[in-house]
Amino acid sequence: HIGYAAFYRTGIKSVVIPRSVSSMGSHAFGYTPLESVTFEANGSLLYIPSNAFRNTLLTSVEIPRFVRSIESYAFDGCSSLTLLTFESDSALTDIQAYAFRGTNITYISDTFPNPVTTDDYYCVFDFGGTGRVTISAGIRVIQSSFFRGCQTLRSVSFEVGSVLEEIGEYAFGGTGLTSIEFPSSVRRIN
């Protein structure tokens, strides 16, 4: 176990989360100059708690396949965070409100697990700097409420060869979207 605020406001820059860690308290690494986090393979950490990495200097994160939930504000304020990937065969089923608010993620990779429950009323992502996101060619479904409420989202593009087939209800509701061109593969927009 990594306790509540265990490294909060310290000078830690890099951490490897051992496979033996099965839980982590909120704010564990919050407000640190953390640039790198690695999760050991075959770990037992089932969720990333609220505010765990809030306002750190992470530039990329790979969510390990054993994590099932990412709680509210987990990576909030990580303005250097531009790349988010998911290990194949991800067990992730839940991403809570504002988990990635204040980041500069510009690409949703085809490793994004589907389906994942996202918060219906509060945005999961908040595309701070650019307001743009590119959806990987391998994404088949954009789930209901996926970008809902992301007021900083201005433009969505899709990679060449996109296989996107369906867009769920409210997927872009309440966003600041001004530009989107759907790929020809789209069959249903709810």
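The model is predicted, so local features need pLDDT of at least 70 and side-chain atom pairs count only at pLDDT 80 or more, while totals for chains, interfaces and linings use all residues. Residues are numbered from 1 along each chain as its sequence is written, and side-chain values use heavy atoms, with hydrogens and water left out.

**Overall build**

- The protein has 17 strands and zero helices; both are DSSP runs numbered from the N terminus, with at least four residues of H or I for a helix and at least two of E for a strand.
- Its radius of gyration is 16 Å, close to the 16 Å that the globule rule gives for 190 residues, so the protein is as compact as a globular protein of that length. This radius is taken over C-alpha atoms, and the rule is 2.2 Å times the number of residues to the power 0.38.
- The C-alpha trace spans about 50 × 30 × 25 Å along its principal axes.
- Of the 190 residues, 48% count as buried (under 20% relative accessible area, with exposed meaning over 50% and partly exposed in between, for a 1.4 Å probe and protein chains only).
- The accessible surface comes to about 8800 Å², and 47% of that belongs to carbon and sulfur atoms (Shrake-Rupley method, 1.4 Å probe; for residues, only the protein chains shown count as cover).

- Strand S1 covers residues 14-17, with Val15 and Ile17 on its covered face and Ser14 and Val16 on the uncovered one.
- In a regular strand the side chains alternate between the two faces of the sheet.
- S1 pairs with strand S2 (residues 36-39) in the parallel sense over four bridges; two strands pair if DSSP finds at least two bridges between them.
- Val37 in S2 is the bridge partner of Val15.

**A three-stranded sheet**

- An open sheet of three strands runs in the order S13-S15-S17, with parallel pairing.
- Strand S13 (141-142) and strand S17 (188-189) stand at the edges with a single partner strand each, so one side of each is left without a neighbour in the sheet.
- S13 and strand S15 (residues 166-167) pair over two bridges, and Ile142 stands opposite Ile167 in S15.

**Around Arg54**

- Arg54 lies in the loop between strand S3 (47-48) and strand S4 (60-63).
- Beyond its neighbours within four places in sequence, Arg54 is in contact with Gly30, Tyr31, Tyr73, Ala74, Asp76 and Arg101, where contact means heavy atoms within 4.5 Å.
- The side chains of Arg54 and Asp76 are joined by a polar contact of 2.7 Å. Such a contact is a pair of N or O atoms within 3.5 Å; within protein, one must be able to donate a hydrogen and the other to accept it, and residues adjacent in sequence count only if both atoms are side-chain atoms.
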